[in-house]
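Let's take a walk through this model together, moving from a single residue out to the elements around it. Keep the structure open beside you as you read.

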Protein chains: 2
Amino acid sequence: MQPFEVHILGCGSALPTRKHLPSAQVVNLRGKLLLIDCGEGAQLAWRHTGLNWQHITHVFLSHAHGDHVFGLPGLLSTMGLLGRTAPLFIHGPSNLQTFIEFTRTHFCADIDYEIHYQAIDTTQHQLIFEDRSMEVWSLPLQHRVPCCGYLIKEKPGLPHIRREMIDYYQIPTWAIGRIKEGDDWTTAEGELIPNSRLTTPADPVRSYAYCSDTMAIPLLAEWCQDVTLMYHEATYADAETALAEKYGHSTARQAATCARNAHARQLLIGHYSARYENEQILLNEAKEVFANTILANEKLRITL
Amino acid sequence: MQPFEVHILGCGSALPTRKHLPSAQVVNLRGKLLLIDCGEGAQLAWRHTGLNWQHITHVFLSHAHGDHVFGLPGLLSTMGLLGRTAPLFIHGPSNLQTFIEFTRTHFCADIDYEIHYQAIDTTQHQLIFEDRSMEVWSLPLQHRVPCCGYLIKEKPGLPHIRREMIDYYQIPTWAIGRIKEGDDWTTAEGELIPNSRLTTPADPVRSYAYCSDTMAIPLLAEWCQDVTLMYHEATYADAETALAEKYGHSTARQAATCARNAHARQLLIGHYSARYENEQILLNEAKEVFANTILANEKLRITL
């Protein structure tokens, strides 16, 4: 199966602590790297991934809070210093465009690659990017500033050829592509072999939802129905539910409720408030609602 | 003796590597903390110092390259989140003022402390700040952009009282302050005790020169005469002397020549190019000119 992995670079909130860096993740989808948020220190944490940061094609930013973007100027500079020439596409709320332009003008005057900014309407759930292998949808979130999550969906692949049947019917190589597209095969003797005997179904499509800073909103689960992996912020425990509402954040229980209602396969929580010495309380409260929950940490890699 | 310490937070150049963070230092002068440059990750490295970052009173920035300032937005935010109310004074070239203002406007709207920016004329060697305990002088440097080093000089302290003489002559407490200021003492019997018998000399004044990115310039040694500790960038080894000139940097040998000509007591080198797996070559070449040279590293603390 083609790679679809999520690497956590940072999963703390607000400020770096001894345990966590601020928010940043990389998604590796079939070798294309998508950077999602970029808190300070992301380029340091990057090294654990073993990935080549010149392979970042797109950056998706959730909102204009420093703990989600202060690592980006350094990363843009570093890619320039290391000789990047491929254009970089950055997607995010419109109020981050000036941040990128300011960085570009004042600190990256001599980089040799283009930066294209796409301002996202953070109030709309819509397709914002697609290519041959993926679709990326915006997820309108509710935070103190315009904020947007992202749903990354693999496009369906082609069915798999049953090698032994191809051999048995001596089907030539030139016909394989059409059989993958759904054609049947007629033998030299005129026998029609239905496509279903020649192929097995394509791999199931996988998807990843990045639900960044947000208070609990019911629509989110609808937009993320049947998602393979949901990352959902879980800044607070039950005891701080009022704080979560005040600051536009979620509790671990609210994150788990969203995952359950979305019928997600797995839930990954993060963006922990620094008050929790041990995040086990967040995990426990989430698991009461959605059992297949895990805690993010800075060296975590999840294969979907 | 009152503390005068330099803590290295980062001493690499251009981009963070596995070994070094970009430039950042803290000077602790009698409990006042001065932050000098602030590369990305400075607030992470800060923790090794055991210092309280709310005690930072002043920030001195050398120039508008990302590897010297990209850690500042995060630090400004963090101090706000942790409840700072004391004003912060930032000094640096005029072209960094918009960077601070941009950060303040877009990412620190709700901090509860004032930020005052003092634009430094990077072409003048002059007193830019003083208080009861120190003077800070600008050091005009030669780099690809306006660039400024800083010379931090302790002000002379008062002489020390010789406790045993005070006891012997039964000098009352109220007179101690005047004796420290230079007064003699007349006993009840009319005997004049000269000040020199009652005091020992004040501690020698100490000074620290931060010579950031610069090509070799002879005047620098004159401005830093008899400095206690000189930090001087040493990006390259002898073999890369042409590169040093091209990019406005110094070799380790040029740094050592500056320290020797300034009659510095000790030289600290840093801002190493990432090409050197082992910085021993830089140290060796510097020591050929100035023996009392040491290499900076991210956990180094030097007491002057």
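B:Leu127 sits in strand E7 of chain B; keep in mind that this is a predicted model. Is B:Leu127 buried or exposed? With 11 other C-beta atoms within 10 Å, B:Leu127 is exposed, because a residue counts as exposed at 12 or fewer. Leaving aside residues up to four places away in sequence, B:Leu127 touches B:Glu135 and B:Trp137. B:Leu139 is twelve residues away from B:Leu127 in sequence, and their C-alpha atoms are 9.7 Å apart in space.

Seven strands of chain B form an open sheet with mixed pairing, in the order E7-E8-E9-E14-E15-E16-E17. Its edge strands are E7 (127-130) and E17 (293-295), each of which pairs on one side only. On average, neighbouring strands of this sheet are turned by 20° against each other, direction ignored. Within the sheet, strands E8 (134-140) and E9 (148-154) of chain B pair in the antiparallel sense over seven bridges. One of the residues involved is B:Glu135, whose bridge partner in E9(B) is B:Lys153.

Helix H11 (280-287) of chain B packs on this sheet, touching E16 (266-270) and E17 of chain B. The direction of H11(B) makes about 170° with that of E17(B).

Technical notes. Residues are numbered from 1 along each chain as its sequence is written. Chains are lettered from A and ligands numbered from 1 in the order in which they are written. This is a predicted model: local features need pLDDT of at least 70, side-chain atom pairs count only at pLDDT 80 or more; totals for chains, interfaces and linings use all residues. Two strands pair if DSSP finds at least two bridges between them. Helices (H or I, at least four residues) and strands (E, at least two) are DSSP runs, numbered from the N terminus. Axes are lines fitted to C-alpha atoms, for helices over the stretch in contact, and angles run from 0 to 180 degrees between N-to-C directions. Two residues are in contact if their C-beta atoms, placed from the backbone, lie within 7 Å. A residue is buried if 20 or more other C-beta atoms lie within 10 Å of its own, exposed if 12 or fewer, and partly exposed in between; C-beta atoms are placed from the backbone.
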